[in-house]
Amino acid sequence: MARNKIDKGVTLIAANTEITGDVKFVNQLYINGHVAGNVLAEAGTEATVVVSEEGSVAGEIRVPNVVVNGKVEGNVFASTRVELAAKAAVKGNVYYKLIEMQLGAMVDGQLVHDESIASGVENVHPFPSENPGSAIAD
């Protein structure tokens, strides 16, 4: 029996459904309804949350991969990637490692590139040192 298929799951909060309280999950969460609370992925996972055009969240989102095409009122923390689709409306700050933002997406807050929420990958092209003795000779 393939245990991996059993462990993987997709959770749907359907349209016309309202959840009051925090939602903690693993794998994938699709929000077509409304969540009044925080959306949190289990630590150490590569979870994904999708807030559809009909969906909304009134609370903080802390998930590695975030896709928004609906409304979010609260800060978004995406340690891997955030995608703001054309109908996204975020009222709060967006903290991200990688971002994709389509024409029409709106953010009423700050976009903050934050490598510290990611896995700590070093900068590929570090800034030159201020120390004059560290220059590379020809």
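This report walks through the strand pairing and the salt bridges of the structure above.

A quick word on the ground rules: this is a predicted model, where local features need pLDDT of at least 70, side-chain atom pairs count only at pLDDT 80 or more, and totals for chains, interfaces and linings use all residues. Residues are numbered from 1 along each chain as its sequence is written, and side-chain values use heavy atoms, with hydrogens and water left out.

**Strands**

Strands here are DSSP runs of E with at least two residues, numbered from the N terminus. Two of them count as paired if DSSP finds at least two bridges between them. Six strands make up an open sheet with parallel pairing, in the order E2-E5-E8-E11-E13-E15. At its edges sit E2 (18-20) and E15 (106-107), each pairing on one side only. E2 runs parallel to E5 (residues 34-36), with three bridges between them; Ile 19 has Val 35 in E5 as its bridge partner.

Then there is E4 (residues 28-31). Four bridges tie E4 to E1 (residues 10-13), in parallel, and Thr 11 stands opposite Leu 29 in E4. E4 is also joined to E7 (residues 48-51) by four bridges, again parallel, with Val 50 in E7 as the bridge partner of Tyr 30. E4 has two faces: Leu 29 and Ile 31 lie on the covered one, while Gln 28 and Tyr 30 lie on the uncovered one.

**Salt bridges**

Side chains of opposite charge can pair when their charged atoms come close. A salt bridge here means a side-chain nitrogen of Lys or Arg within 4 Å of a carboxyl oxygen of Asp or Glu. By that rule the model has four, including these:

| Pair | N to O distance |
|---|---|
| Lys 87 and Glu 53 | 3.3 Å |
| Glu 83 and Arg 81 | 3.6 Å |
| Arg 81 and Glu 100 | 2.6 Å |

Through shared partners, salt bridges join Arg 81, Glu 83 and Glu 100 into one network.

How accessible are these residues? The classes are buried (under 20% relative accessible area), exposed (over 50%) and partly exposed (in between), using a 1.4 Å probe and protein chains only. Glu 83 is buried at 17%, whereas Arg 81 is partly exposed at 32%, and Glu 100 is partly exposed at 32%.
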